[in-house]
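This report is a guided walk through the structure shown below. Please keep the view open while reading, so that each residue and element can be located as it is named.

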Amino acid sequence: MISLKRKNSIWLYLFSFGLLFNGQLKAQTSFTSKEIKVNIFSSTPLEDIKAQAINAVSVIIPKSKQIVFQIPIKSLVFSRSLMQEHFNESYMESDKFPTASFKGNILDNIDFSKDGIYNVNVKGILNMHGVSKERIIKGVITITNSKLSINSNFNVACVDHEIKIPSVVFKKIAEVISVTVSGNYQ
Amino acid sequence: MKQYYFLLSILTLLSFGAYCQDADSLLNSLSTPEKNQPIQSTFKSTHLVLLNTNETQKKNDLAFWIGHRFGDIGGQFGGAKTLFGLDLAPDVYIGFDYGFTDKLTLGIGRSKFDATYNFLAKYRLIQQKESSTPFSLTLFGQTAIVSREAFNDAEFPNLSNRTSHFLSSIFTSKISQSLSLLISPSVLLREKVTEARDSKSLFSVGFGGRLKLYKRFSLIADYTLVEGLGRPNDLGTQFYNPLGAGIEIETGGHVFSMNFQNSPYIIENNFIPNTQKSWRDGGVRWGFAISRNFALFQKKNKNKDIQTKIY
């Protein structure tokens with residue numbers, strides 16, 4: 001009876017160790033970040049408008065080459081709070097559509113265990129203002145000492161996501177907004 | 001024995017679960033949605049038709065507000081001879097409100113009626129929040145001084161007879177994305193009354209609401225209960241409760257409202273004690289208001305990532 005118990009405890013140790021090891025494996029099988037920077041930039045001859053969020057989240061799974069981003073719309077900060085209010089209330093309708101996301105797959109082959117700068121194309125669904133669009137977005141993945149970081153700049157046409165700009169402010173808000181996404185992963 | 005096996009199987013399941021985690025669920029575990037955020041833009045403007053709303057100016061924003069009331073549409077003073085009141089302008093208001101902080105707004109304005117100058121302060125005391133606070137409360141104070149010349153020597157013996165103070169607690173609630181409601185118990189303190197029996201402390205309760213029909217288009221209405229709140233109802237002059245209704249159009253920076261109301265006057269210190277027109281006998285009139293916001297001290301913002309540049 002005693003020996004059986006001991007045998008069981010050995011198993012238990014083994015399994016616990018396995019679980020720990022598992023945890024380590026998990027850290028290598030996915031890269032996560034809670035501090036992705038997202039900058040948006042609207043430029044017209046009349047006015048340049050910038051806003052920034054610093055706490056978007058992202059996950060990269062090397063095995064499946066999945067890459068996902070999510071940003072709470074309300075986390076985008078403008079210099080004028082009235083502008084920020086209009087952005088949330090009238091353009092993005094962030095109470096109805098609180099987040100924007102991109103879920104895609106990396107089309108190119110990357111060796112995530114090797115240091116390097118990889119230019120990648122990511123195909124996926126960009127969801128913004130409740131409207132999904134299939135996009136292929138270019139970006140750069142940098143790996144140094146097995147630390148991963150990304151950088152991407154792409155354009156979003158307001159009309160693609162049914163974001164309406166009234167004719168009165170048409171000259172102040174660009175029809176195509178430039179979006180920059182960057183950050184380091186763990 | 002059995003317990004061990006049970007434990008083992010749970011552990012195995014757990015470790016298996018870690019393998020299976022995909023990008024989506026990992027993302028969800030990372031993102032912590034911010035709870036209990038303040039509820040913004042209960043109303044689009046600092047005013048409904050007649051009443052002030054809980055809204056104040058944002059920090060360093062200057063609002064330029066113009067209000068206009070036309071003459072009676074019908075009745076003795078209206079009709080075709082005044083083009084349904086459009087010939088007349090019983091009151092025109094021009095005012096500037098400035099946000100010293102996001103909570104405190106101070107303003108100054110001038111009404112055509114009685115050449116009244118007014119100074120106002122608005123303080124946002126309670127902000128409605130998603131889960132903890134179901135309403136907002138803004139305190140509003142407004143002092144008005146009649147600057148026109150006295151009609152006779154007895155009218156304004158001293159400055160206090162020209163002055164009135166309006167104090168109001170503006171409770172509002174954004175019930176849903178499209179419906180916002182307002183209730184504002186108030187008191188008007190004044191020296192000058194038309195009759196000795198009329199109240200020097202005039203209590204009133206304002207009720208108002210906004211129904212958003214489209215993103216930038218709303219119906220607005222408000223009603224102020226003055227008569228029947230302790231004011232003698234057998235005064236020589238017949239007074240009525242102010243009632244207004246209209247539409248509001250917002251175009252990013254501008255808010256434009258077109259409305260009908262029975263009060264010919266614009267600021268509370270004037271329309272609460274003096275509304276002598278009624279909706280019933282043609283005393284209703286057109287009115288409109290335009291507000292425009294300007295951002296001051298933009299260059300102070302040092303964060304280049306959010307700088308706005310106006311060419």
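## Chain A: overall layout

Chain A has two helices and nine strands, where helices (H or I, at least four residues) and strands (E, at least two) are DSSP runs that are numbered from the N terminus. Read from the N terminus on, the elements of this chain follow the order α-β-β-β-β-α-β-β-β-β-β. The model is a predicted one, in which local features need pLDDT of at least 70 and side-chain atom pairs count only at pLDDT 80 or more, while totals for chains, interfaces and linings use all residues. Residues are numbered from 1 along each chain as its sequence is written, chains are lettered from A and ligands numbered from 1 in the order in which they are written, and side-chain values use heavy atoms, with hydrogens and water left out.

Chain A contains 186 residues, of which 49% count as buried; buried means under 20% relative accessible area, exposed over 50%, and partly exposed in between, with a 1.4 Å probe and protein chains only. Its accessible surface comes to about 10000 Å², and 58% of that belongs to carbon and sulfur atoms; such areas come from the Shrake-Rupley method with a 1.4 Å probe, and for residues only the protein chains shown count as cover. Among the contacts in chain A with a separation of 6 or more, 56% are between residues 24 or more positions apart, a contact being heavy atoms within 4.5 Å.

Strand 1 (residues 31–43) of chain A pairs in the antiparallel sense with strand 2 (residues 47–61) of chain A over ten bridges, pairing being assigned if DSSP finds at least two bridges between two strands. These two strands of chain A form a hairpin with three residues between them, and A:T32 has A:V59 in strand 2 as its bridge partner. Strand 1 of chain A also pairs in the antiparallel sense with strand 9 (residues 176–184) of chain A, over five bridges, and there A:K37 stands opposite A:S182.

Helix 2 (residues 81–91) of chain A has ten of its eleven residues buried, so it is largely enclosed by the rest of the structure. Its buried residues include A:L82, A:F87 and A:Y91. After helix 2 of chain A comes A:E93, whose phi is positive, near 45°.

## Chain B: the barrel

In chain B, twelve strands close into a barrel in the order 1-2-3-4-5-6-7-8-9-10-11-12, with antiparallel pairing. The twist averages 20° from one strand to the next, with axes taken as lines fitted to C-alpha atoms (for helices over the stretch in contact) and angles running from 0 to 180 degrees between N-to-C directions. Strand 5 (residues 136–146) and strand 6 (residues 163–174) of chain B pair over ten bridges in the antiparallel sense, and B:Q142 has B:F166 in strand 6 as its bridge partner.

## Chain B: two loop residues

Most residues other than glycine have a negative phi. B:L83, although not a glycine, has a positive phi of about 50°; B:L83 lies in the loop between strand 1 (61–69) and strand 2 (91–99) of chain B and is partly exposed, with a relative accessible area of 47%. B:A115 likewise has a positive phi, near 45°, and is found in the loop between strand 3 (104–111) and strand 4 (116–126) of chain B, but at 13% relative accessibility B:A115 counts as buried.
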